[in-house]
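These are my notebook entries from going through one protein model. I wrote down what I looked up, entry by entry.

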Amino acid sequence: MLETSRATTTYRRLLLLCFLSSSALCFLLSEPVEGEEEIVSRSHFPDGFLFGTTTSAYQIEGAYLDDGKGLSNWDVFCHVPGNIKENGNGDTADNHYHLFLEDIELMHSLGVTAYRLSISWTRILPRGRYGEVNPMGIMFYNRILDRLLLKGIEPFVTIHHHDIPQELADRYGGWLSPLMQEDFVHFARICFGSFGHKVKHWATINEANLFVDMAYIRGWYPPSHCSPPFGICSTGNSDVEPLIALHNMILAHGKAVKIYRQEFQGKQGGSIGIVLHAMWYEPLRANNELDQQAVTRGLAFGVGWLLDPLVYGDYPSEMRLLLGDTLPRFTVDEMDYLKGSIDYIGINHYLTLYAKDCLHSSCAPGGSDHAIRGYVYTTGDRDGVPIGQPTGNPRFFVVPGGLKNIVNYIKQRYNNMPMYVTENGYAPPPGEEVQLNQILHDVKRIDYHKSYLAAVASCIRDGADVRGYFAWSLMDNFEWIDGYTVRYGLYYVDRTTLKRIPKTSALWYKDFLANSSGNALDLTQYHGRLEQDLRVAGLEDL
Ligand code: FCB
C-alpha cells in the first residue's frame, strides 16, 4: 500500500533507540502520539545526524577551462547544439569555482552540518592518467575543504558524479572499457592522498545505475549510445552495453575501496560507500500478484543490480535468470574484493512509479518487453491519475511514502547497514515558475522536504540506521540535459548576475535546523525577509 504523505501523528513520548551492532549508538527520540497533526522537527533525529545540502562539480563550478582544467565529456557534449535544452552548458554554471567562499557562507548561515560535493575529474587530472596532476585543482578542493571544516561543516565527497575526462571517452569509449577501472583507481588514489585527512565520508560514484541507463540505454547522456526501441542513436546496444558499463563501474569501485582500506582508511579514519539511484514501485494493478512480482523484479534490477555485488559479491538471481550470459560474471577474486566493499549506502531518492508485469502480461512495445528492463513497465499514472503531485521532471512525483518504503527495503535487504539520504529534492513543474516571486515563494518545496524528512524520521523510529539527509540542491544549477530550465535550489541564482537569493525554502530550512519554528511556518515572516534580500540584491523590480 502507498503510504500517505501526512500521518496524523505528533511526537511526544521519548523513545530510547539503540543499534545492536554498535552498542555506543543509543539515542533518545520523540515518539509519535496518534491522532494529532504531524510535526517534523530536528529533535526527531538523533544527535550527530547530518543535515546538509548537495551539489555536483559540473553542475555548479563553471570555470571550465580555468587554471589548467581539461575538457570533460560534459564540456564537449554541451557544446553540440541541440543536446541541452536552450543550449545550456556548464561553462559558467553558478561560477562556484570563484564564488565558493560565498557559497560556504550561505551554507553556514543555513546551519547545515554537512555538505555533499563532487570532484571534477578534469580539474585534478586534465587528461586522466595520460597526463600530470593539476596542482591548481588540488588547491581548489583543499581550499573548499579547509573552509568547510573551519565553518564546522562536514564534507561528504563524491569522487565521480557523471563527468569523465574527454580524453578517456576518446581513447576507449569511457565506461564501456575495462581500462576505465584503472583510470578511476588512479583518480581515487590521488583524491584519498590529497584530501583524505580532511574527508570522513567518501562516495566513490554517484548513481552508477541511473548513469548507465541515461548514457547506454536511452542515450540521453554522453556518449549517447542506444538502440531501438529505446532510442535512436548513431551507435550502441541498449540491451547489452549498460550491463558492461555498470560492471566496469562496480569493479572500479571495488578496486578503489580496496586501496582506500589498505592504504588510507586506517590512518585517515573515514568511511567509504557508493550512491544509489533508488526508486520505489507500487503495483500498477492493485492486488495483482504479477504486478507485485514486477515490483520485486524492478527493485532487484534497480537497487540489487548495483548493491548486491558490493554487499554479497554477485548480481541478484532475478537478473541472472532473465539476462543469462548477457549479464557479465565476476571472477572469484573479484567477488572477494567486492563483497563488503561499502561502509554505508547513499540513497538518492526522487521517484516512485507504478510497475506492471511484462513477463506474463502483454505490454506495449517500447523497451519494457526487454530483459534489460526486467520485463517491467513503469508509469507515473494509473487510469489517468498521477501517483503523486507532478514536478519539474515528468517521471518524478511527490510520494513521501516511497522514501519510507525504499529505506525499509534497503534496510532489510542489506541488514540495516548505515544509510544516508544523499539526495532528495523538488523542482516545480514547467509553467509554475514564470515570475521571480513564484520562484522565490516556493511553498511546495518546503512541503516536499518536510514530508520526506518526516518519512526519514519515521524510518529511524522503526530502527533504520539512517544517518543523514542532504537536500538537492543548495542552489539552482545546471540540470544536465534540462540545462537551466529546471530548478531544485534552496537558493535562486540570477542567470545574468549569478547572485544567490534565498528562496522561502532556504529560510525554512534554516529555521528547521535551528529547531525554532519547526513546522509552524509563518509565510508572512518569510515574505518580509525575502523582500529585504531582494532589495539588498538590487532585484526588487523583478
Ligand atoms: C540526480 C543527480 C543530480 C541531480 C538530481 C536532480 O539524479 O544525481 O545530479 O541532477 O538528480
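**Entry 1: rings**

I started with the aromatic pairs and found that the structure holds 40 of them. Here rings of Phe, Tyr and Trp (its six-membered ring) pair if their centres lie within 6.5 Å; planes under 30 degrees apart are stacked, over 60 edge-to-face and the rest tilted. I then picked Phe478 and Tyr484: their ring centres are 5.5 Å apart and their planes sit at 65 degrees, so I noted the pair as edge-to-face.

A note on what I'm looking at: this is a predicted model, where local features need pLDDT of at least 70 and side-chain atom pairs count only at pLDDT 80 or more, while totals for chains, interfaces and linings use all residues. Residues are numbered from 1 along each chain as its sequence is written, and side-chain values use heavy atoms, leaving out hydrogens and water.

Are Phe478 and Tyr484 buried or exposed? I use buried for under 20% relative accessible area, exposed for over 50% and partly exposed in between (1.4 Å probe, protein chains only). Phe478 is buried, with a relative accessible area of 0%, and Tyr484 counts as buried at 19%.

Ring pairs also put both of them in a cluster with Tyr58, Trp74, Phe77, Tyr221 and Trp480.

Next I looked for charges over rings (NZ of Lys or CZ of Arg within 6 Å of the ring centre and within 35 degrees of the ring normal). Arg495 lies over the face of Tyr484, at 3.8 Å from the ring centre. Arg218 does this with Trp220, at 5.0 Å.

**Entry 2: a sheet**

Helices (H or I, at least four residues) and strands (E, at least two) are DSSP runs, numbered from the N terminus. Two strands pair if DSSP finds at least two bridges between them.

Which strands form the open sheet, and in what order? I get three, in the order β8-β10-β11, with mixed pairing. β8 and β11 (376–379) are the edge strands, each pairing on one side only. The twist averages 40 degrees from one strand to the next; axes are lines fitted to C-alpha atoms, for helices over the stretch in contact, and angles run from 0 to 180 degrees between N-to-C directions.

Helix α10 (residues 289–312) packs on the sheet and touches β8, β10 and β11, where contact means heavy atoms within 4.5 Å. The direction of α10 makes about 120 degrees with that of β10.

I zoomed in on β8 (residues 280–283). Trp280 and Glu282 on one side and Tyr281 and Pro283 on the other are all buried, so both faces are covered. In a regular strand the side chains alternate between the two faces of the sheet. β8 runs parallel to β10 (residues 352–357), joined by four bridges, and Tyr281 has Leu353 as its bridge partner.

**Entry 3: helices**

α13 (residues 400–413) lies across β8 and β10, at about 105 degrees to β8. The 14 residues of α13 reach 20 Å from first C-alpha to last, close to the 20 Å expected (1.5 Å times one less than the number of residues). In α13, 13 of the 14 residues are buried, so the helix is largely enclosed by the rest of the structure. Asn415 follows α13 and has a positive phi, near 50 degrees.

I also checked α16 (residues 504–514): nine of its 11 residues are buried, so this helix is largely enclosed too. Among the buried ones I noted Trp508, Tyr509 and Phe512. After α16 comes Asn515, with a positive phi near 60 degrees.

Last, Val332 in helix α12 (residues 332–338): at 71% relative accessibility, Val332 counts as exposed.
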